[in-house]
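Hi,

Here is the structure I promised to pass on. Have a look at it first, and then read my notes below.

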Amino acid sequence: NETTVTEFILLGLSSNPALRLCLFGLFSAMYSATLLGNALVFVLICLDYSLHSPMYFFICHLSIVDICYASNNVPHMLRNLLGQGRIISFAGCGTQIHLYLIFALTECVLLVVMSYDRYVAICHPLRYTLIMNWRACLTLAAVSWAFGFIFGTLQASLVLHLPFCGPCKIDHFFCEILAVLKLACTDTTANKVLIFAVCVCFLLFPLALILISYLHILATILRIRSAARWHKTFSTCGSHLTVVSLFYGNAIFMYMGPRSSNSSGMEKVLSLFYSLIIPSLNPLIYSLRNKQVKEALLK
């Protein structure tokens, strides 16, 4: 008596009409700020020759990831808050999962690449241009996108090949992989083990590499006696560490924490961090408070 599911119903964030309207206004403003801030950073880096350095090259890629990441989930969520777009086709849901994984995994690798860039700049400043040449930068960026695409496609394809025979209600505001797995009418242990393995490869291992980079950076900073260089170093590294803490901390708690602690409400809040809050903060944390970017903006 099993029937194949051809569409899903997204339950969204709230059933209260007044609250949904307030959230729509708030999230619309945040989404606009995300698009405007990241697009502005991208355009400035492309147009201003003084920003054509490896650090800003990777920030440019991060801005692209943030725009795509937010645009994958937020427009459908805004429609849902207005009482529309609750129904999503199976193909549309699969596309959301696929793109969500690609952009999330790509950002994981990009943050490691950016920490390596800061490590070379601070610990090996005389060899920086030799090590971080444009060929190396293009290769690192391509590897980040390739890893995100390959492993995101693998994860999404394994989830979408599971049998779904109802119920078809997803307790989320978009097709998040863990929320969709709950609807499969078969054993999903293998999928959960694979998700955990990918988290180890893309969260714990990269985080360890970032911490190792910053331990070397800290050792180098302690030998610096110039107050100006101290301030400049802490400014650039502090921005990166802030983004790393927000991104990896939430991801580890959501995907590697005990399942009992991750209620559907908590999963929605953590997903909002990735879909709206972190993409809107990245331009401010990384670029728009930077002196070079401010000068480029004035020009």
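Is the crossing of H2 and H3 left-handed or right-handed? The crossing of H2 and H3 is left-handed (left-handed if the near helix is turned anticlockwise from the far one by less than a right angle, right-handed if clockwise).

Before going on, some housekeeping: this is a predicted model, where local features need pLDDT of at least 70 and side-chain atom pairs count only at pLDDT 80 or more, while totals for chains, interfaces and linings use all residues. Residues are numbered from 1 along each chain as its sequence is written, and side-chain values use heavy atoms, leaving out hydrogens and water. Helices (H or I, at least four residues) and strands (E, at least two) are DSSP runs, numbered from the N terminus.

Back to that helix pair. Helix H2 (residues 54-81) packs with H3 at an angle of about 160°, and their axes are 10 Å apart. Axes are lines fitted to C-alpha atoms, for helices over the stretch in contact, and angles run from 0 to 180 degrees between N-to-C directions. H2 and H3 are therefore roughly antiparallel to each other (under 35 degrees is roughly parallel, over 145 roughly antiparallel, 65 to 115 roughly perpendicular, the rest oblique).

H2 has another partner, helix H5 (residues 134-160): their axes come within 10 Å and cross at roughly 20°. That makes H2 roughly parallel to H5, and this crossing is right-handed.

Three strands form an open sheet in the order S2-S1-S3, with mixed pairing (two strands pair if DSSP finds at least two bridges between them). Strands S2 (87-89) and S3 (169-170) are at the edges with a single partner strand each, so one side of each has no neighbour in the sheet. Strand S1 (residues 7-10) pairs with S3 in the parallel sense over two bridges, and Leu10 has Ile170 of S3 as its bridge partner. Helix H3 (residues 90-123) packs on this sheet and touches S1, S2 and S3.

Last, the rings. There are 13 aromatic pairs in the structure (rings of Phe, Tyr and Trp, its six-membered ring, with centres within 6.5 Å; planes under 30 degrees apart are stacked, over 60 edge-to-face, the rest tilted). Tyr116 and Tyr119 have ring centres 6.2 Å apart and planes at 35°, so this pair is tilted.

Cheers

Terms used. Contact = heavy atoms within 4.5 Å.
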